[in-house]
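Here is a short note for a colleague who is opening this model for the first time. Please read the points with the structure in view.

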Amino acid sequence: MSLDNAGIEQIKADALSAINASQSLDELREVKIAHVGDRSPIARANQGLAEIEIEKRAAMGKLIGTARANINQAYDDKEKELTALRDSRALSNERVDVTLASNRNPRGALHPLTLLTNEISDLFVGMGYTVQEGPELEASWLNFDALNIAEDHPARTMQDTFFIEPLSSGLVMRTHTSPVQIRTMLENEPPIYVICPGRTYRADELDATHTPVFNQVEGLVVDKGITMAHLKGTLDHFAAKIFGPGVTTRIRPSFFPFTEPSAEVDFFYNGRWVEWGGCGMVNRKVLQAAGIDTEIYTGFAFGMGLERTLMVKYGITDMHDIVEGDVRFSRQFGSGGR
Ligand code: DAH
């Protein structure tokens, strides 16, 4: 290496132009290795000082030292400049424009029937009941026979059943949630305290007060010493929790094949009695069909329509609003969504 003035000037000029030409911190890192670091020409020149004649050494040392300081200074300046550039680019690239239109998808809303089902389930779970579900495509035996609804019983046609082809399949779309009573009793020993909400089907036309697909909630209790007083107390509590404090129920004699005695249940709301559902003491024949010892156990049951409950509770006058699934309807019930 030529250690004369011109050589040092050249080393310095090369280093400065490489530093100035760097466009990014990555490039600058390469330049540092080539022109600034321990193995760069200027560092080597410094190491070569020892071989220089003693009388020239001081002047050359000064020259190299100054050139090196210039190079280091240029490097530091460039590094600062490129770091600032990188940071400001990142800031502008990652900036969020809060004025842009949002493209978030609306979250929808739980259907008020779902909310009501949850509310009823919570209420009964709070009293020690469990929630039981059964299939909507149900064995005819469970939907009818086990509930003491005989083959020729008018209740079968009364319920406008959707039968499944071939008829020999013995399957129907369940006409009520009462078959879940049988399933529960077949699978569990008393004491039984269950609530069974679910979808049910009847061959009705959709109009302001009817729908072929609707929802019911069934209650069933089987235990020692259960009486109609327990049934009445439970219905009163249920009505007060759903419709408001002080709302009571009355029961009127009626007939259902699966209860004996049977009753219609009404509740008193806004100054009038409103029909709510059916209830009664579980018919001994039904308990026996489900393998329960009727010498030891008695039970009560009730069943009501959820659409009807919802309509009265919220003053909904048209069934279409409930079945059409328009989120603008659902949103009014305070179930999230935007
Ligand atoms: N399953 C009946 C119906 O759909 C309602 C009903 C009446 C259910 C009396 C019951 C009951 O559990 O005890 O019309």
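**Notes on the model**

1. Asn148 is partly exposed, at 25% relative accessibility. (Buried means under 20% relative accessible area, exposed over 50%, and partly exposed in between, with a 1.4 Å probe and protein chains only.) Its phi is near 70 degrees, a positive value in a residue other than glycine. Asn148 sits in the loop between helix 6 (140-143) and helix 7. Helices (H or I, at least four residues) and strands (E, at least two) are DSSP runs, numbered from the N terminus.

2. A word on the source. This is a predicted model, where local features need pLDDT of at least 70, side-chain atom pairs count only at pLDDT 80 or more, and totals for chains, interfaces and linings use all residues. Residues are numbered from 1 along each chain as its sequence is written, and side-chain values use heavy atoms, with hydrogens and water left out.

3. Asn270 also has a positive phi, of about 50 degrees, although it is not a glycine. Asn270 belongs to the loop between strand 7 and strand 8. Asn270 is exposed, with a relative accessible area of 69%.

4. Glu260 deserves a look. The UniProt annotation "binding site", from an unreviewed entry, covers Glu260. UniProt positions follow the numbering used here, feature names are shortened, and annotations may be inferred rather than shown by experiment. Glu260 lies in strand 7 (residues 259-269). It is exposed, with a relative accessible area of 53%. Leaving aside neighbours within four places in sequence, Glu260 is in contact (heavy atoms within 4.5 Å) with Met281 and Asn283.

5. Check two cis peptide bonds. One joins Glu260 and Pro261, with omega about 0 degrees. Pro261 lies in strand 7. Another joins Pro190 and Pro191, again with omega about 0 degrees. Pro191 is in the loop between helix 8 (179-187) and strand 4.

6. On a 1 Å grid over the protein atoms alone, a cavity is a set of points where a 1.4 Å probe fits but cannot get out; a pocket is an open set with protein on both sides within 12 Å along at least five of seven lines; lining residues have an atom within 4 Å of a point. Grid points are joined across faces, edges and corners, and a volume is the space filled by probe spheres set on the points.

7. The largest pocket holds about 1,100 Å³ of space. Its lining has 43 residues, of which Arg202, Phe214, Gln216, Gly277 and Gly305 lie nearest the centre. Elements that each supply at least two lining residues include strand 7, strand 8 (272-282) and helix 11 (306-314). The lining divides into 18 nonpolar, 17 polar and eight charged residues. (Ala, Val, Leu, Ile, Met, Phe, Trp, Tyr, Cys and Pro count as nonpolar, Asp, Glu, Lys and Arg as charged, and the others, Gly among them, as polar.)

8. The second largest pocket has a volume of about 360 Å³. It is lined by 17 residues, with Leu113, Thr114, Gly198, Arg199 and Asn215 nearest its centre. Helix 5 (112-125), strand 4 (192-201), strand 5 and helix 12 (319-323) give two or more residues each. By class, the lining has six nonpolar, six polar and five charged residues.

9. The largest cavity has a volume of about 30 Å³. Thr117, Ile120, Ser121, Ile195, Pro197, Val217 and Leu306 line it. Helix 5 gives the largest share, three residues. The lining has five nonpolar, two polar and no charged residues.
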